[in-house]
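Work through the following exercises with the model in view, and try each task before reading its solution.

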Amino acid sequence: MKEYYKYKRDIIVDTTSRKMLPIVLAFGLYTMIGSKGAGGGFQGGCIVAAAYILHALVFGFIEGRRKMPESWNTFFMSFGLYLYCGCGLLSIFASLLVAEFLNYSAFWPITQLVGPHEARAVQIEFIIEVGIGVTVFASFVSMFYDLAWKDEEED
Amino acid sequence: MIEEFLEHYNYWTSVLIIFIGLYTIFAKNNLLKKLLGLSLVQTGIFLFFISLGDIGSLQTLGIGEATPPIIWEEAEKRGYLYVNPLPHVLILTGIVVAAATTCVALALLIRIYKEYKTLEEDEIIEMEVERGE
Amino acid sequence: MNDIAVHQFPVLIVTTGVFSALTILVVGLFNRKLCYYIVLFTTTFHFVLSILTLNHVLTKGRIQYWLGGWRPPWGIEYVVDELNAYVLVVILFLSFLGIVYSKRSVEKEIDERKHPTFYTLMQLLIAGCCGVVVTGDVFNLFVLAEVASLSTYALVAVAGGRALRASYNYLILGSLGICFYLLGIGFLYAVTGTLNMIDMKILLQNLYYNKMVQVAFVLVLVGLGIKAAVFPLHTWQPDAYTYAPSAVTLIMSTVVAKAFIYALIRLVFSVFTIDFLKIYVDAWSLIPVISAVAIVVASILAYRQNDIKRMLAYSSVVNIAYITLGISYFTSHWSLSGALVNILNHAIAKGCAFAAVGAIIYKTGIKDIRNYAGLAKKMPYTSAALLIAMLSLIGLPPSVGFVTKFYLAIGSLEVQNYLMLAIILLGTLLTLAYFLKVIEELYFKHSENNAEEAPLSMLAPTMFLAILCLAFGVYWLTGIPLDFVEKLVTVIR
């Protein structure tokens with residue numbers, strides 16, 4: 001056993017969470033992009049964050065931070081925003097300042113390919129929801145560390 | 001009278017929760033309890049919004065129960081109404097905001113505790129006076 | 001400029017603001033120096049956009065923008081009319097100056113590791129306030145108000161120590177205010193079934209006697225009153241202004257306060273309308289009384305302070321009371337003009353005062369006015385700016401503060417309310433009393449200390465604001481902008 005585990009690990013908790021983590025992650029992904037249409041980004045992101053937090057609780061904070069350093073966390077937070085806010089802005093700039101913000105059918109490469117209504121659906125389902133999910137995941141993880149880490153590390 | 005009261009029990013519950021929360025904010029001395037009160041007020045408001053969407057609670061209009069806002073052929077055949085999904089969406093946003101508020105408040109509380117080693121407001125004020133601020 | 005392109009500007013200001021805020025966070029991982037320049041660039045860019053928007057609104061009429069192309073009762077709508085565009089320009093102008101000012105002050109007051117987070121929050125705060133101003137949807141206003149408020153809570157707490165409790169109090173009261181506002185919208189949604197401001201105004205016309213609407217009015221008034229620090233609900237404000245870093249105080253007193261007082265005016269006059277106020281006199285007739293009490297009590301409280309920032313904070317409460325006093329006599333054109341003009345006037349004068357005070361704190365660390373003796377010789381330009389700002393807040397012609405009081409006084413004669421005139425005069429005298437304490441220490445007492453003039457990046461915005469105090473005062477008094485003021489008043493009437 002490595003020396004950075006401060007507390008004795010429980011084999012039941014350890015094994016259960018090992019088995020559960022992939023299922024929780026898969027469920028989070030399903031909530032994000034499994035259903036057709038809008039909705040589910042926030043909830044999916046929460047579930048993925050819950051999986052990560054479970055991992056950090058069971059295997060230790062340091063192990064969790066080793067898997068995803070703080071800089072990556074910050075990057076993910078912004079990356080999600082780039083996906084969903086950028087997709088909205090893209091519809092403005094792709095139509096040369098004619099279409100509205102969030103008017104996804106104005107993004108012509110996808111609209112040409114699948115038609116205006118499907119273009120909305122595809123963008124909402126696979127870009128917006130994933131973007132929201134990534135941001136929510138990163139924000140909740142950083143909230144968790146901000147509130148839990150403080151005793152050991154001076155701010 | 002009593003029937004009217006019982007029919008709108010969810011509204012009365014939300015009022016009760018809001019007032020418990022307000023009392024906690026104003027009467028308690030502990031900063032963490034104030035935060036709990038704030039969360040209660042927010043929860044009460046969310047309950048109020050959710051109740052607004054539930055058309056099924058308007059039994060007096062003879063409408064009957066409303067189904068969740070999902071496409072369901074059986075419900076359309078029987079002429080059921082569905083609950084208004086807009087308040088749910090609003091409250092989803094509201095919950096996100098509430099979570100963010102709680103998180104900022106907890107982070108502040110951790111720093112206050114580090115600074116003063118207590119969360120009782122009167123003790124903190126005493127310590128501030130001693131420091132001459 | 002293409003007309004359709006101008007329609008995009010309000011939404012671009014809000015979204016690119018949030019976009020750049022999160023970019024700062026990523027850039028901060030690699031290069032902390034760059035963060036400041038990103039904020040500066042974004043704010044300058046937004047300021048230019050807001051001026052173009054104002055120009056478009058004044059020449060071609062208001063902008064209605066449907067997000068995602070969804071029609072108004074269903075989708076979110078951004079409406080920019082004369083009042084919106086005016087407040088937007090005021091907010092972005094002062095945040096631009098505030099950002100220019102903040103560089104040196106932040107370098108000194110805040111640990112370098114925190115700079116990316118600090119500027120992220122600053123940018124989010126500005127974007128949130130712009131969103132509050134341009135939105136035409138009551139729920140969207142709630143969300144953007146929370147974006148602005150949560151950033152403010154964190155920014156106030158940056159300094160640590162005593163600022164933590166000030167920030168916590170602000171958080172609890174501010175969130176409670178927003179909760180009241182949300183409950184008020186819930187009531188309005190229950191009776192009208194819409195969240196769009198224009199739609200709601202139309203649907204409410206037959207519902208003015210409805211008890212639920214009246215309760216909703218009070219809830220919205222109290223909720224936004226807490227956020228805007230209207231008198232009996234201002235208790236968080238002096239602490240928050242006093243203990244926040246200088247740059248944050250400057251931004252808070254000019255940007256956040258103005259955005260929320262705008263939201264209050266918009267909700268009261270554009271959603272509930274004056275017809276409702278005439279019917280529901282019980283609640284509204286309290287406002288002039290409260291404002292009058294506020295002017296007297298807050299002035300006396302300001303007189304008792306020795307901390308200059310706290311004194312200026314109470315002076316802010318007085319000035320918000322002038323705005324509420326102005327809007328409470330909605331029958332008078334001049335009284336409303338005074339209130340609306342004071343949004344700009346107070347922002348300039350108070351921004352100048354806080355900037356000068358921040359420069360003094362930057363160089364000497366003095367917060368107590370009893371130690372100000374002899375500073376006028378060592379820091380002549382900063383002291384001159386502070387003097388002009390204080391004279392302007394007192395209301396000496398031809399400064400901006402005089403214009404506000406002049407308009408309000410004409411308004412009081414118009415409604416033949418001489419008590420209001422007396423209150424305005426009394427308020428002026430009390431303001432003179434407490435600022436005289438500062439002026440006396442600054443200019444008429446001598447003592448030796450080693451202060452020197454503030455750096456140029458802090459001095460330039462301060463002096464610019466001081467010049468504007470006088471320039472705008474003269475400009476208002478020439479009567480050229482009366483057409484513009486007329487347009488502002490027609491928006492809310």
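**Exercise 1.** Determine how helix α14 (residues 333-364) of chain C and helix α20 (residues 482-492) of chain C pack, and at what angle.

Solution. In this predicted model, where local features need pLDDT of at least 70, side-chain atom pairs count only at pLDDT 80 or more, and totals for chains, interfaces and linings use all residues, the two axes are 9 Å apart and the angle is about 100°. Residues are numbered from 1 along each chain as its sequence is written, while chains are lettered from A and ligands numbered from 1 in the order in which they are written. Helices are DSSP runs (H or I, at least four residues; strands are E, at least two), numbered from the N terminus, and axes are lines fitted to C-alpha atoms, for helices over the stretch in contact, with angles from 0 to 180 degrees between N-to-C directions. Since 65 to 115 degrees counts as roughly perpendicular (under 35 is roughly parallel, over 145 roughly antiparallel, the rest oblique), α14(C) and α20(C) are therefore roughly perpendicular to each other.

Next, identify the residues that meet, taking contact as C-beta atoms, placed from the backbone, within 7 Å. From α14(C) come H333(C), L336(C), S337(C), L340(C) and V341(C), and from α20(C) come V485(C), L488(C), V489(C) and I492(C). By class, this contact has 7 nonpolar, 2 polar and no charged residues, where Ala, Val, Leu, Ile, Met, Phe, Trp, Tyr, Cys and Pro count as nonpolar, Asp, Glu, Lys and Arg as charged, and the others, Gly among them, as polar.

**Exercise 2.** Find which residues have the most contacts inside the largest nonpolar core.

Solution. A nonpolar core is a set of buried Ala, Val, Leu, Ile, Met, Phe, Trp, Tyr and Cys residues joined through C-beta atoms within 7 Å; a residue is buried if 20 or more other C-beta atoms lie within 10 Å of its own, exposed if 12 or fewer, and partly exposed in between. The largest has 254 residues, and C352(C) and A389(C) have the most contacts inside it. Helix α10 (residues 246-279) of chain C gives the most to this core, with 22 residues. Beyond its neighbours within four places in sequence, C352(C) is in contact with residues including A385(C), A389(C), T462(C) and C469(C).

**Exercise 3.** Describe the side of chain C that touches chain B.

Solution. Here 23 residues of chain C are in contact with 25 residues of chain B. On the chain C side, α6(C) gives the most, with 15 residues, and the residues of that side divide into 16 nonpolar, 4 polar and 3 charged.

Methods
Contact = placed C-beta atoms within 7 Å.
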